[in-house]
Amino acid sequence: MPQTRYLIIFAQAHYDFRIPELLSVAELHGFSIGLPDQPEPTRPYMVVQLEHQDHAILLASRCILIKSVCEFYAQGSSYDELHAAVRSNKQEWIQHQADASFKFTVTGFKCSLPAQKQREIIESFSYMALAGKIDLKTPDIILSVFEEYDSRVANVEGKHEQPNRFKQVYFGRLLVEGTARSLAAKFDVKKRVYYGNTSMEAEISLLMANQTLASSGKLVYDPFMGTGSMAYTVAHFGAQMFGSDIDGRQMRGKEKQAGVFRAAAQYGVAARVVDLCTFDVTHNPWRCGDLFDAIVTDPPYGVRAGAKRLGRKKPPTEKHIASLSSQRVGALRPGDSAPYIPPTKPYELSNLASDLVLLARYLLRPGGRLVFFLPTVNEDYQAVDIRTMLCEGMEVVANSLQDFGSWGRRLITLRKTTNQSYDPPTFEAPSEDVDELDGETAHVPAHKDFREKYFQGFKPAAE
Amino acid sequence: MVRLITHNLLACHAKGCTSNNFPLQLKDVQLEQREAEFNPDFLRRFMPKLDWGALVDTARQLGDDSLPLEQPEMFDDDFLRKLHHVLLEVSVEEGAMVCPNCSHIYPISNGIPNMLLAENEIG
Ligand SMILES: C[S@@+](CC[C@H](N)C(=O)[O-])C[C@H]1O[C@@H](n2cnc3c(N)ncnc32)[C@H](O)[C@@H]1O
């Protein structure tokens, strides 16, 4: 298939998420996308290859991080280079020469260009001999010039004074504005009828939903549902959503109708929230596996919402257990706004992460995805950390860092690559010395004991 | 709003309760009609996951006998609409689900089932 080049203009946010999002949306719609040989995702402009213009339009309508997409005409490290390339790529734009009304835009990335300078740049394209009339309001075509400056150049004002201080200049025809970006405002947490201190910011919830490949007819599950932030975005893209949490109060809030249902109604997706359930994911009631197309979640890591599971730090004695035998969850008090709450014990993050991967392998359909955040210590993080939690049949698709300085959280996307059915996990922490028996010490990932490290300010523990 | 699709996927998981622990018996239920999106693709894809016998029995106990005892091999629109109704629109607002084996009671309140186990019930 012949490929056409398109210029993607990214929004200035979450650059580590850009390529995974492009690839997910392309996979969702079943087309391929040709990335540069050495993609530089931190740069705001990227030239990609696509088979159809429709694909570019699909990307712009679904990718949260796309500001706009242009038909690509040329690029260069100077205007001389650019103009030479525009001239030699004449076949790309010649069809607009005769009668399309047009307008030019000139944009500097990290640099604002004075009107006079913009005019000069526009005039430098006069050799294109566009015969159509200039129309600033409703032009047939918008031709766009983008100057990309090195963000390290400090003096913004002076930048364009020095010729060619920019890194690269791009030229193309605006094809489509990114429409998915505005969803971040729609899902703004502060405007939601129900949210809590664990709610996930809208833009990230949308990026997570895209990593799940959410679409109509699919079933997606969040086992640490909380206030349900990702349920709304996943359901917005058409999938049915299922949620559970160890603490029912997180999902219901204070009113009679559960907060998650109210927020879903606000977004017009109540009909896609299948159900909410209260349970500890390590003691779950799922009858069988191979159920979900995706699992999307922000697991607890003990900073804002405790990572806990049923049980006690010290196992109870037989006698104690016998004395409890008549206890029934929720039965001690009528209604479960204040139910009997069984005791819980801490759930260490690296164990939780490995358990989650095993659970996903059990509950996902073949090809299904697990999308979750893993908080970690940036300085100590190593690529192998991710491998410590993988298991046979689960493979890494993407790993994007949201950087908060000394720590960060990584959005991990895994795919179930096996058709085999596996047993549900036992949720028993591996005993610490197993690997040493094999003569090698297991790698300790930086996210292990994240909570303790967080509260110590990420300083090495005192000896 | 425990929809019957959910009911069809949940089994008793108390310690040692591994047989005859599904389907949970609905008790003292208050039913409500819920809005759900008719999505034939979703239904078709999900059908193989259903325990058909449990679904039909439960629906009949709740007074809905629109589904055939045997899962049909061909799904026409009429059938899919009935299935849609039973699976996704009949829902339990209040009541309980009781394990036929160990009698554990899972209460449902404001449409949310509490599937937590007490301390003596976990493995
Ligand atoms: C970081 S919050 C998730 C926040 C959610 N994404 C939101 O939008 O509000 C983690 C949630 O996991 C729940 N949780 C903690 N331990 C759990 C367990 N063992 N099983 C199920 N849920 C658990 C907590 O109650 C909390 O609501």
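Colleague: How do the residues of the lining of the largest cavity divide into nonpolar, polar and charged?

Modeller: Bear in mind that this is a predicted model. The lining has five nonpolar, three polar and one charged residue.

Colleague: Which residues line the largest cavity?

Modeller: They are Phe17(A), Pro20(A), Glu21(A), Leu207(A), Gln211(A), Ala398(A), Ser400(A), Leu411(A) and Thr413(A). Helix 1 (18–29), helix 7 (202–211), strand 14 (394–403) and strand 15 (407–416) of chain A are the elements that give two or more residues to that lining.

Colleague: And how much space lies in the largest cavity?

Modeller: About 50 Å³. A search of the whole structure turns up one cavity of 30 Å³ or more.

Colleague: Where does the largest cavity lie relative to the domains of chain A, and why?

Modeller: Between domain 1 (4–182) and domain 2 (188–307 + 347–441) of chain A, because both of them give residues to the lining.

Colleague: OK, new topic. How many helices and strands are there in chain A?

Modeller: Chain A has 15 helices and 15 strands. Of its 463 residues, 55% count as buried. As for contacts in chain A with a separation of 6 or more, 76% of them come from residues 24 or more positions apart.

Colleague: Let's take a strand, then. Is strand 3 of chain A mostly covered or mostly open?

Modeller: Mostly covered: strand 3 (residues 66–76) of chain A has nine buried residues out of 11.

Colleague: Which way does strand 3 of chain A run against strand 1 of chain A?

Modeller: Antiparallel, and five bridges join strand 3 to strand 1 (residues 4–10) of chain A. In that pairing, Leu7(A) has Cys70(A) of strand 3 as its bridge partner. Strand 3 of chain A also pairs with strand 6 (residues 168–177) of chain A, again in the antiparallel sense, over eight bridges. There, Ser68(A) stands opposite Glu177(A).

Colleague: You mentioned Leu7(A). Which residues away in sequence is Tyr45(A) in contact with?

Modeller: Leaving aside neighbours within four places in sequence, Tyr45(A) contacts Leu7(A), Ile8(A), Ile9(A), Phe109(A), Phe146(A), Glu147(A), Glu148(A) and Tyr170(A). Tyr45(A) itself belongs to strand 2 (residues 45–50) of chain A. Take Ile8(A): it is 37 residues from Tyr45(A) in sequence, yet the C-alpha atoms are 5.6 Å apart.

Colleague: Why does Tyr45(A) count as buried?

Modeller: Because its relative accessible area is 6%, and the cut-off for buried is under 20%.

Colleague: How about Arg44(B), what does that one count as?

Modeller: Arg44(B) counts as partly exposed, because its relative accessibility is 38%. You'll find Arg44(B) in helix 2 (residues 40–46) of chain B. Not counting residues up to four places away in sequence, Arg44(B) touches Phe75(B) and Leu80(B). Phe75(B) is 31 residues from Arg44(B) in sequence, with 8.2 Å between their C-alpha atoms.

Colleague: Last one, helix 10 of chain A. Which of its residues are buried?

Modeller: Gly259(A), Val260(A), Phe261(A), Arg262(A), Ala263(A) and Ala264(A). That makes six of the eight residues in helix 10 (residues 259–266) of chain A.

Colleague: What do the buried residues of helix 10 of chain A pack against?

Modeller: In chain A, they pack against helix 8 (229–236), helix 9 (248–252) and strand 9 (273–278), together with strand 5 (112–113) of chain B. Just after helix 10 of chain A, look for Gly268(A), which takes a positive phi of about 75°.

How values were computed
Residues are numbered from 1 along each chain as its sequence is written. Chains are lettered from A and ligands numbered from 1 in the order in which they are written. This is a predicted model: local features need pLDDT of at least 70, side-chain atom pairs count only at pLDDT 80 or more; totals for chains, interfaces and linings use all residues. Side-chain values use heavy atoms; hydrogens and water are left out. Helices (H or I, at least four residues) and strands (E, at least two) are DSSP runs, numbered from the N terminus. Buried means under 20% relative accessible area, exposed over 50%, partly exposed in between (1.4 Å probe, protein chains only). Contact means heavy atoms within 4.5 Å. On a 1 Å grid over the protein atoms alone, a cavity is a set of points where a 1.4 Å probe fits but cannot get out, and a pocket is an open set with protein on both sides within 12 Å along at least five of seven lines; lining residues have an atom within 4 Å of a point. Grid points are joined across faces, edges and corners, and a volume is the space filled by probe spheres set on the points. Ala, Val, Leu, Ile, Met, Phe, Trp, Tyr, Cys and Pro count as nonpolar, Asp, Glu, Lys and Arg as charged, and the others, Gly among them, as polar. Domain bounds come from an automatic or database domain assignment. Two strands pair if DSSP finds at least two bridges between them.
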